[in-house]
Amino acid sequence: MPQTVISISTRGQGLYEFTEAAQDFVRRQQAGEGLLTVFVRHTSCSLIIQENADPDVRRDLKTFFSRLVPPADHPGMDWVTHTSEGPDDMPAHIKAALTAASLGIPVTGGRLMLGTWQGIYLFEHRDRPHIREVVLHLSP
């Protein structure tokens, strides 16, 4: 069962699409049908499948999660104790817990069975740039 690790460089909080990298991996395997499992190897970012046509969707999602879970130095977050890596650290863990660390995407005819407007995204929840590792695993 083929597997690879891709690196995604982030520039801070936001959504980073990597649909083409995942599709390229599937294409190189010459797979007919199967299941692509996508897994992120970090606890302060996550994975989502989301619309990739209108950038307003990505902006609105980022804003929604920032309002839902503000930084630890926000007055409403005074209960947070895990702040050793900064005020964005524990909120990043909470946002990751609300989303997903792995996704399963069916493959048919060597193509990801995503809908017309669906893309695969790494959702970075930290303020600083990071290099994130994502595992792609193709099962028959």
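Rings of Phe, Tyr and Trp (its six-membered ring) pair if their centres lie within 6.5 Å; planes under 30 degrees apart count as stacked, over 60 as edge-to-face and the rest as tilted. The model is predicted: local features need pLDDT of at least 70, side-chain atom pairs count only at pLDDT 80 or more, and totals for chains, interfaces and linings use all residues. Residues are numbered from 1 along each chain as its sequence is written, and side-chain values use heavy atoms, with hydrogens and water left out.

**View 1. Ring pairs join Phe-64, Phe-65 and Phe-123 in a cluster.** The structure holds 2 aromatic pairs. Phe-64 and Phe-65 form an edge-to-face pair, 5.4 Å centre to centre with 90 degrees between the planes. Phe-64 is partly exposed, at 46% relative accessible area (buried means under 20%, exposed over 50%, partly exposed in between; 1.4 Å probe, protein chains only).

**View 2. Phe-65 and Phe-123 form an edge-to-face aromatic pair.** Helices (H or I, at least four residues) and strands (E, at least two) are DSSP runs, numbered from the N terminus. Both Phe-65 and Phe-123 are buried; Phe-65 has 11% relative accessibility.

**View 3. Cys-45 belongs to strand β4 (residues 45-51).** Cys-45 is buried, with a relative accessible area of 2%. Leaving aside neighbours within four places in sequence, Cys-45 is in contact with residues including Ala-96, Phe-123 and Arg-132 (contact means heavy atoms within 4.5 Å).
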